[in-house]
Amino acid sequence: MNRKVVKEDLDSRIFDAVNMIVLSVFMVIILVPLWNVIISSLSSGKALAEGGFIFWSKEFSLENYRAVFNDSSIGQSFIVSVAKTLIGVITHVFFCAMIGYGLSKRYIRGRKLYVAMGVITMFFSGGMIPTYLLIKSLGLLNSFWVYIIPALFSYYDVVILMNFFRNVPDSLEESAKIDGAGDWHIFLKIFIPLSMPAMATIALFNGVGQWNDFMTTKLYITDQALYPLQMKLYEIIVQSQTQSMQNIGGSVVIETTTKGVQLATIVITTLPIVAMYPILQRYFISGMMVGAVKE
């Protein structure tokens, strides 16, 4: 018996040691490149051109960030990005939750047809040109709502919420109906609070997508007042590349490089999402476990 206990204790220690080594390797793989990007973005053009550093720069400089923030319209673009991300996430999650709540009820007429239609949208799309013509016919070109309305629906998110709603005990809904509650009251007061882990997970993924999206702007927006931060930073990188090409062969000391500006834009665009992740982390972990255990 003692030998068995000793063997189990030894196996547990070996497993913990291996697990710690694996986690340490993954942390190094993730943190070292991240730290290198931050340090490189804070380096001068000369230090970046010379290279040869990983953990510390030879010459620190804020010129890369000055090159990004010198554009006077950066503030407006930041507001557009925040607005489209917040409004897009809230409307997307609420719209998908409404559809998922309806499809979670097996007594709904035509439910199988609606489910089949939703599954088709997961595998097939109209393509870029038909989508552009549709957006144009709806009058969404050069409109802020082109960021919101086309992104309202995702059947993948509907399926996640639909399966989550099915796990809510029927007794809760039945007792609420006995007390005189209607469908909207049950949806808003019972199902929404109970589904916060799943909704927070969907909100995190959709928020990252909304924040990083600039293809929508390139396809449907020409008014620079509606440019999000990502589109403005894309223009700054293009301008930086043009200036670098013009300075090739000259004797002028370049304070910034295309690579430095690119790294600075990566840090600027990533920082808000990184700051939001710890807030949603507990919901994210709970949401990832949705459907993992079946009775």
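**A tour of the second largest pocket and its surroundings**

Begin by selecting helix 6, which contributes four residues, the largest share of the lining of the second largest pocket. Helices (H or I, at least four residues) are DSSP runs, numbered from the N terminus. This is a predicted model, in which local features need pLDDT of at least 70, side-chain atom pairs count only at pLDDT 80 or more, and totals for chains, interfaces and linings use all residues. Residues are numbered from 1 along each chain as its sequence is written, and side-chain values use heavy atoms, with hydrogens and water left out.

Next, select Thr131, Leu134, Ile149, Pro150 and Phe153, which lie nearest the centre of this pocket among its 17 lining residues. Helix 5 (111–123), helix 6 and helix 7 each give two or more residues to the lining. The lining comprises 12 nonpolar residues (Ala, Val, Leu, Ile, Met, Phe, Trp, Tyr, Cys and Pro), five polar and no charged (Asp, Glu, Lys and Arg).

Most residues other than glycine have a negative phi.

Finally, colour the chain by pLDDT, the predictor's confidence in each residue, from 0 to 100. The chain mean is 80, and 83% of residues reach 70 or more. Over residues 249–254 the pLDDT is below 50. Where pLDDT is low, the predicted coordinates should not be read in detail.

Technical notes. 1 Å grid on protein atoms, 1.4 Å probe; cavity = no way out; pocket = protein on both sides within 12 Å on 5 of 7 lines; lining within 4 Å. Contact = heavy atoms within 4.5 Å.
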